[in-house]
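Visitor: I'm new to this and would like to learn how to read a structure. Could you walk me through it?

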Amino acid sequence: MHIDFSKVQEKALKGIRRSYVFMGLGINSAEDDRLINYQLTPITNLQLLKNDLGDDVVSGFKENYSEWVINNSFRDALESFHIFVEELYLCLIIIKKKATDLGKVKQSVKSFEKLPFPKKMEELKRCFSVSPEFIEHIKSINKARNCLSHRGWVVSKKDFNNVPKTALVVGWRGMNMVLTDQDGERECHMSELVGLVTQHETQVGLKFVSREKTFSSCEVLCFEPKELAEILWYWTMEINKMVQCSIEYAKQSGIIIVEPKS
């Protein structure tokens with residue numbers, strides 16, 4: 001049997017890129033003052049809203065649309081990650097059981113699919129030593145996804161994950177720029193670097209950091225575009241890490257590894 005980890009990896013990364021592109025198209029259209037036509041009548045021959053509702057109302061539409069785009073891009077990316085985890089497990093259980101056809105791992109796959117997402121991550125680590133580098137971040141992001149899917153984006157006590165249970169805290173990895181000149185060293189977010197003018201000759205470095213965002217009970221779950229873009233980047237790092245761990249498990253299991261030509 002031939003297992004192609006690169007295809008599993010590329011499918012997952014494609015899902016992340018898809019969310020990035022859709023978020024870009026949506027946010028750019030929401031912020032474009034020229035795009036104010038909210039009617040579908042020419043396409044559907046149906047009309048549910050009045051014409052000429054007013055600038056304030058249309059601005060409200062666009063603001064809410066922007067939030068909708070960000071949250072659905074977030075959820076779509078995590079759904080892709082869920083699929084990636086299940087496909088990765090299929091590859092690994094085939095290796096573990098030395099299966100020559102999918103029928104021999106069917107029951108194991110069914111049992112894995114029934115597990116809640118955090119348990120799936122723990123199972124990958126326990127059975128195959130395959131895990132994201134920052135598993136608690138991944139679990140917290142999944143908590144946010146549950147809030148989006150089941151509670152209409154409004155945080156409740158069911159979503160709390162900090163100690164003590166008082167809020168939903170979503171964590172991820174990001175990048176800060178480190179600026180060093182004769183006056184010393186300071187950090188800033190990557191977005192702050194664009195157009196920045198320094199008074200002295202400055203060295204620019206990169207630093208990986210953990211970020212988090214806290215949501216209280218009854219607060220609407222939402223992210224800024226730069227936050228979600230960073231979360232999507234973080235997911236690509238974890239996908240690559242988990243694939244590399246899977247390849248190492250295959251090597252330790254005596255599987256012949258064929259490196260891709262490119």
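Guide: Let's go through salt bridges, cysteines and one asparagine in turn.

Guide: A word on the ground rules. This is a predicted model, in which local features need pLDDT of at least 70 and side-chain atom pairs count only at pLDDT 80 or more, while totals for chains, interfaces and linings use all residues. Residues are numbered from 1 along each chain as its sequence is written, and side-chain values use heavy atoms, with hydrogens and water left out.

Visitor: How many salt bridges does a search of the whole structure find?

Guide: A salt bridge is a side-chain nitrogen of Lys or Arg within 4 Å of a carboxyl oxygen of Asp or Glu. The search turns up 15 of them. One of these joins the side chains of Lys120 and Glu86, at 2.6 Å from N to O.

Visitor: Which helices do Lys120 and Glu86 lie in?

Guide: Helices here are DSSP runs (H or I, at least four residues), numbered from the N terminus, and strands are runs of E, at least two. Lys120 is in helix α5 (residues 117–128) and Glu86 in helix α3 (residues 55–97), so this pair ties together parts that are 34 residues apart in sequence.

Visitor: Are Lys120 and Glu86 buried, exposed or partly exposed?

Guide: Buried means under 20% relative accessible area, exposed over 50%, and partly exposed in between (1.4 Å probe, protein chains only). Lys120 counts as buried at 7%, and Glu86 as partly exposed at 27%.

Visitor: What about Lys119 and Glu122?

Guide: Their side chains also meet in a salt bridge, at 3.9 Å from N to O. Both residues lie in helix α5, three residues apart, about one turn of the helix. Together with Glu136 and Lys139, Lys119 and Glu122 are linked in a network of salt bridges.

Visitor: How many disulfides are there?

Guide: A disulfide is a covalent bond between the sulfur atoms of two cysteines. The rule used here asks for a pair of cysteine sulfur atoms within 2.5 Å. The count comes to zero. For Cys91, the nearest cysteine sulfur belongs to Cys245, 14 Å away. For Cys147, the nearest is that of Cys218, 11 Å away. Cys147 is buried, with a relative accessible area of 0%.

Visitor: Where is Asn162 found, and what does its side chain make a polar contact with?

Guide: Asn162 sits in the loop between α6 (135–150) and β1 (168–181). A polar contact is a pair of N or O atoms within 3.5 Å; within protein, one must be able to donate a hydrogen and the other to accept it, and residues adjacent in sequence count only if both atoms are side-chain atoms. The side chain of Asn162 makes one with the side chain of Thr166, at 2.8 Å.
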